[in-house]
Amino acid sequence: MAEAQVVDIHEETPRERALHEWFEKQALASPDTLEAAARTILGLVTGLLGVLFGVLAVKEDPLPSYFRLPVVRWLGVGTVAALLVALVGTLGVVLPRRIQIASARLDQQAEAFQKLMSRKSRWLSVAVIAFGLGLLALGAVLIIALLTAV
Amino acid sequence: MSNHLTEIACSRCGHTWYEDLARLDKADQDIYKNIYKGKVHNGREKTYRVPCPECGTNNVVTVRFEEQKDG
């Protein structure tokens, strides 16, 4: 059996109070957080279905001449892949998971807050790098398309 | 008396009382954020937010748990 020994008692500091209040707000905002995540997925699915139907429609028409260039095709593939990775990265930032915490445990709250920040910043870094690469590839495709258009 | 009852003295008014730490350890708050589930650990040292029943001051209490050796 573990013996409990009080090693420090102090009055709550403003920083500790702010952390506690932030978790209280998050607990109350949980329904809104879940709805916002569902709306994000809904918007993405709608948008991606639009893209899919757009691609299927393009397939039936004769493609522009620049689409025959292998560099344009590969840059296009790279753009799609990079933007999809960026999309997954942003989902990693916004999609919630259920976390159970003791409201009286300040150390758990502080640790959870640190992990939250660390995870969000990691996913956002992935998203920003992928988005940057996708943007570069897209720019290259557009420039080639403009230069080769007759 | 429960083994989890710990004597606490208010940092402001000095009032002393016994608090059940097992009750404070119960996960009673659900939040939805994107951190890995179940990664919040229970170390040997825990920090609790305990309001004083006398003056209402929120005390931050750090408790160290040490294994009792038999014999």
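Q: Which residue is the bridge partner of Ala4(A) in E5(B)?
A: Phe65(B) is the bridge partner of Ala4(A) in E5(B). This is a predicted model, where local features need pLDDT of at least 70, side-chain atom pairs count only at pLDDT 80 or more, and totals for chains, interfaces and linings use all residues. Residues are numbered from 1 along each chain as its sequence is written, chains are lettered from A and ligands numbered from 1 in the order in which they are written, and side-chain values use heavy atoms, with hydrogens and water left out.

Q: And how many bridges join strand E1 of chain A to E5(B)?
A: Nine, and the two strands run antiparallel. Strands pair if DSSP finds at least two bridges between them. Strands (E, at least two residues) and helices (H or I, at least four) are DSSP runs, numbered from the N terminus.

Q: What does Glu11(A) pair with in E5(B)?
A: Its bridge partner there is Asn59(B). The side chain of Glu11(A) also meets that of Arg12(B) in a salt bridge, 2.7 Å from N to O. The term means a side-chain nitrogen of Lys or Arg within 4 Å of a carboxyl oxygen of Asp or Glu.

Q: How many salt bridges are there between chain B and chain A?
A: Four. Over all chains, the structure holds ten. The Glu11(A) pair crosses between chains, and Arg12(B) sits in the loop between E1 and strand E2 (16-20) of chain B.

Q: How many residue pairs are in polar contact between the chains?
A: 25, with both residues at pLDDT 80 or more. A polar contact is a pair of N or O atoms within 3.5 Å; within protein, one must be able to donate a hydrogen and the other to accept it, and residues adjacent in sequence count only if both atoms are side-chain atoms.

Q: Which element gives the most to the side of chain B that touches chain A?
A: E5(B), with ten residues.

Q: What about the interface area?
A: About 4600 Å² is buried between chain B and chain A, and carbon and sulfur atoms give 54% of that. Buried area is the accessible area (1.4 Å probe) that two parts lose on being put together, summed over both. In contact terms (heavy atoms within 4.5 Å), 43 residues of chain B touch 47 residues of chain A.

Q: Back to chain B. What joins E4(B) to E5(B)?
A: Seven bridges, with the strands antiparallel. Lys46(B) has Val63(B) as its bridge partner in E5(B). The hairpin has six residues between the strands, and Gly56(B) takes a positive phi near 85°.
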